[in-house]
Amino acid sequence: MLAEWENPQCILLAFPSLDTDWAPIIAEAQSQFLLLINSLLAAGENVLLLAHQADYELLKQIYSEHPNIQIIKEIPFNDTWTRDYGSITLATGDGFQELDFGFNGWGLKFAADNDNLVNLRLAEAGLRPFNTYSNHRDLTLEGGSIETDGAGTILTTSTCLCSPNRNGGKDKPELERILHDRLGADHVLWLDHGFLEGDDTDSHIDTLARIAPNDTILYVSAPSDPQDPHFEALKQMESQLRELKTKDGMPYNLVPLPFPAPIYDEDGQRLPATYANYLVTQRNLFVPTYGQPAADLQALETIGKVFPNHIIQGVDCRVLIKQHGSLHCSTMQLYC
């Protein structure tokens, strides 16, 4: 499995419509996605955008002069979290292969009948890079649930991968064999602690800890308030991270990310804001921000030091987290 920063050719997104859970705040949601898309395009990234019929003509007008975006209207989808139903790229001896894993709405929590078929339909439509499509939908595996260094190491969480509502509650040894056979993993690292309130994914790794180059892991630090419900679990996660070893038996270089101040929705439910949910490409790095100047700046500076050769850009994601996801969740890098 390729590392995220290994030269992706385009970024897959799905534009929110009235047919999705974004309907109550559709104007805000569409403005948020236009901001994200424009940030990607301005940085020189290529975008593959799924759009429902009702939005297609407007998007074609907005981007009629832009060569780096392709808008696809033939592919239905339930929601916009392409990270978790988009294909996962495997490097092969003669190129790349796009692996299509099953997606069941994060353990049967939400409808996912169309999301589960997006990659298959893109392949049937003959769209690159899906000419290297490989069907693995007998296994439920979400892109946000695994992190890799591109050299055989995978970092994941037991609460997600061992969930009984995904693959019948397979245990760690069985899942490690599967990750080896499907993704070439020869070193699987497990986190058993850590969560974010408002997260529907059963603790996806991309909300908590991210593998970076040079045996580095960026991770969400515990909040400063010991009474915060996240405090103990994130302290336990940090302790477990300190015990992890590389394939060479060395400890990882651990870099803490700030914990954003609590953000709540109109019903008083806490939202899962996290700076770990960034997107990195070969030359750019897009970091979610949350209208908290000091913490936002600290996150940008911290991640920038880990990726010193990348162009770092903050993207306001206060609307994205209203649907309990953030920047990384909304994007999936593809290769061709």
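Student: Let me start with one cysteine: is cysteine 160 buried or exposed, and what is its relative accessible area?

Tutor: Good place to begin; this is a predicted model, with residues numbered from 1 along each chain as its sequence is written, where local features need pLDDT of at least 70, side-chain atom pairs count only at pLDDT 80 or more, and totals for chains, interfaces and linings use all residues. Side-chain values use heavy atoms, with hydrogens and water left out. With a 1.4 Å probe and protein chains only, buried means under 20% relative accessible area, exposed means over 50%, and partly exposed is in between. Cysteine 160 is therefore buried, and its relative accessible area is 1%.

Student: How many disulfides are there?

Tutor: A disulfide is a covalent bond between the sulfur atoms of two cysteines. Here the test is a pair of cysteine sulfur atoms within 2.5 Å. By this rule, the number of disulfides is 0.

Student: Which cysteine has the sulfur nearest to that of cysteine 160?

Tutor: Cysteine 160 is in no disulfide. The nearest cysteine sulfur is 9.1 Å away, and it belongs to cysteine 162.

Student: Which residues lie closest to the centre of the largest pocket?

Tutor: The largest pocket is lined by 14 residues. Those closest to its centre are Trp81, Phe110, Asp200, Gln323 and His324.

Student: How many residues of that lining are charged?

Tutor: Ala, Val, Leu, Ile, Met, Phe, Trp, Tyr, Cys and Pro count as nonpolar, Asp, Glu, Lys and Arg as charged, and the others, Gly among them, as polar. The lining of the largest pocket holds 4 nonpolar and 5 polar residues, and its charged residues number 5.

Student: Which elements each supply at least two residues of the lining of the second largest pocket?

Tutor: The second largest pocket holds about 190 Å³ of space. Of its 12 lining residues, the closest to the centre are Cys10, Asn46, Leu48, Gln70 and Arg128. Elements are DSSP runs numbered from the N terminus, with helices (H or I) of at least four residues and strands (E) of at least two. The elements asked for are β2 (47-50) and β3 (69-72).

Student: What about aromatic rings: how many pairs does a search of the whole structure find?

Tutor: Rings of Phe, Tyr and Trp (its six-membered ring) pair if their centres lie within 6.5 Å; planes under 30 degrees apart count as stacked, over 60 as edge-to-face and the rest as tilted. Searching the whole structure gives an aromatic pair count of 9.

Student: Why is the pair of tryptophan 22 and phenylalanine 33 classed as it is, and what is the class?

Tutor: The ring centres are 6.1 Å apart and the planes meet at 80°, so the pair of tryptophan 22 and phenylalanine 33 is edge-to-face. Tryptophan 22 is in the loop between β1 (10-14) and α1 (26-42), and phenylalanine 33 is in helix α1, 11 residues apart. Both residues are buried, and the class of their pair is edge-to-face.

Student: Which residue lies over the face of tyrosine 278?

Tutor: Tyrosine 278 is buried. A charge sits over a ring if NZ of Lys or CZ of Arg is within 6 Å of the ring centre and within 35 degrees of the ring normal. At 4.2 Å from the ring centre of tyrosine 278, the residue over its face is arginine 210.

Student: Which element gives the most to the lining of the largest cavity?

Tutor: The largest cavity has a volume of about 170 Å³ and is lined by 20 residues. Elements that give two or more of them are β4 (88-92), β7 (146-148), β10 (209-212) and β16 (332-334). With 3 residues, the one that gives the most is β7.

Terms used
1 Å grid on protein atoms, 1.4 Å probe; cavity = no way out; pocket = protein on both sides within 12 Å on 5 of 7 lines; lining within 4 Å. Points joined across faces, edges and corners; volume = space filled by probe spheres on them.
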